[in-house]
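Hi there,

Here is the structure I promised to pass on. My notes on it follow below.

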Amino acid sequence: MSLYSQRGVSAQKEDVHAATRNLSKGLYPRAFCKIDPDLLGGDADWVNVMHADGAGTKSILAYLYWKETGDLSVWKGIAQDAIVMNLDDLICTGIYDRMLFSSSIDRNKHRVPGEVLTALIEGTQEFLDTMATLGVNIAFLGGETADVGDVVRTVAVNGTMAARWRKSALITNEKIAAGQVIVGLASDGQAGYEQAYNSGIGSNGLTSARHDVLHKHYKTFPETFDDLVPEEVVYIGQHRLTDTLPVEGQLCTVGSLLLSPTRTFAPVVRTMIEEHFDQIHGLIHCSGGGQTKCAKYLPDGVAVVKDNLPAPPEIFRLIQTCSGSDEREMYQVFNMGIRLEVYTSEKAAEALIAIARHYGIAAQVIGRVESSVKKEVVLRTAGTEIRY
């Protein structure tokens with residue numbers, strides 16, 4: 001059994017898929033988010049989309065960092081995580097503007113005081129204000145803040161995002177076909193609209209990252225881990241959050257690497273869609289499921305081969321060194337440096353790459369789509385082939 005499974009989480013969410021298998025998949029079953037008819041407006045040419053997600057267990061890392069340093073600003077990054085995990089799923093359907101966001105914060109009041117709530121709420125508005133300057137308009141419609149200490153040990157930060165969109169402007173992944181290439185957008189570095197280096201960790205795999213990297217010292221915070229998890233996989237790493245490591249010519253704390261706010265690709269996708277909509281045949285957010293995420297959304301009769309992935313950023317090398325996880329598990333749990341895939345023609349690829357680079361984000365062709373009886377994802381990296 002993998003370390004990920006022993007800690008009570010699943011990269012593939014098998015139980016969730018089983019529980020929802022009898023529900024409608026919406027108008028476009030391959031779309032990244034469920035798309036329904038326009039119940040709000042009653043217009044056959046429009047659709048409604050609503051999506052819910054959050055920062056996951058990354059909030060526990062913020063809690064530890066705040067307890068250790070007193071730095072409240074870390075919570076603003078968690079607010080961004082909760083928004084982006086919704087926003088970057090929605091952009092994969094072609095939606096990039098006029099969205100509604102509602103926040104949901106569950107806390108244990110004994111451990112998480114009002115000043116943390118203030119940082120989370122102010123951080124939400126600040127991020128949405130930044131997006132508006134980049135042409136991505138999201139209205140903040142408030143939400144729910146609940147004191148549920150009997151349910152939540154620390155704090156859970158989630159949200160819901162909704163939009164009404166023209167049907168003709170959707171991207172549904174149905175046009176993904178053999179012969180296309182995959183342009184991958186980097187999750188690490190520093191985009192032009194970011195204030196600091198981003199490790200690329202996003203908001204997936206943080207349960208493994210936390211326990212694999214952090215030192216047993218953090219067992220002194222029993223509220224930060226499930227007491228049903230075997231003790232031998234709880235905080236088995238070597239590092240404190242305040243330890244420093246050299247990354248791309250600068251010293252970064254382990255905390256800043258693990259807590260880098262999830263990068264949004266919304267401004268980039270907005271420009272791509274406005275300038276090259278007809279050349280974008282599919283969009284995949286490599287979130288839960290990492291580099292295997294795309295398999296769920298592929299049409300029948302094709303497989304994906306990724307044979308030109310960049311070297312993983314430092315944060316993933318750190319996690320793998322600490323955990324001893326093999327390549328198969330790493331690429332299935334983490335984005336490994338590529339968090340958005342654009343399916344397009346070989347001819348259009350360079351134009352899309354140029355748009356990403358304009359925003360300060362590295363991008364390259366990472367693979368291709370091939371005809372196949374068996375729907376699968378094939379990774380070829382460092383002389384190793386992995387099939388999922």
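Helices here are DSSP runs of H or I with at least four residues, and strands are runs of E with at least two, both numbered from the N terminus. The model is a predicted one, with local features needing pLDDT of at least 70 and side-chain atom pairs counting only at pLDDT 80 or more, while totals for chains, interfaces and linings use all residues. Residues are numbered from 1 along each chain as its sequence is written, and side-chain values use heavy atoms, with hydrogens and water left out.

Let me start with helix α11, residues 346–358. Ala348, Ala349, Leu352, Ile353, Ile355 and Ala356 are buried there (under 20% relative accessible area; exposed is over 50% and partly exposed in between, with a 1.4 Å probe and protein chains only). Seen down the axis, these buried residues fall within an arc of 155°, so they line one face of α11 (the arc is taken over the directions from the helix axis to the C-beta atoms). They pack against β6 (181–186), α8 (266–276), β11 (338–344) and β12 (363–371), where contact means heavy atoms within 4.5 Å. Lys347, Glu350, Arg357 and His358 are exposed on the other side of α11. Just after the helix, Gly360 has a positive phi of about 80°.

On a 1 Å grid over the protein atoms alone, a cavity is a set of points where a 1.4 Å probe fits but cannot get out; a pocket is an open set with protein on both sides within 12 Å along at least five of seven lines, and lining residues have an atom within 4 Å of a point. Points are joined across faces, edges and corners, and a volume is the space filled by probe spheres set on them.

The second largest pocket holds about 750 Å³. Its lining has 29 residues, with Gly77, Gln80, Gln195, Ala196 and Pro261 nearest the centre. Helix α5 gives the largest share of that lining, five residues.

Finally, the cysteines: the search found zero disulfides (pairs of cysteine sulfur atoms within 2.5 Å). For Cys33, the nearest cysteine sulfur is that of Cys92, 7.3 Å away. Cys33 is buried at 4% relative accessibility.

Best wishes
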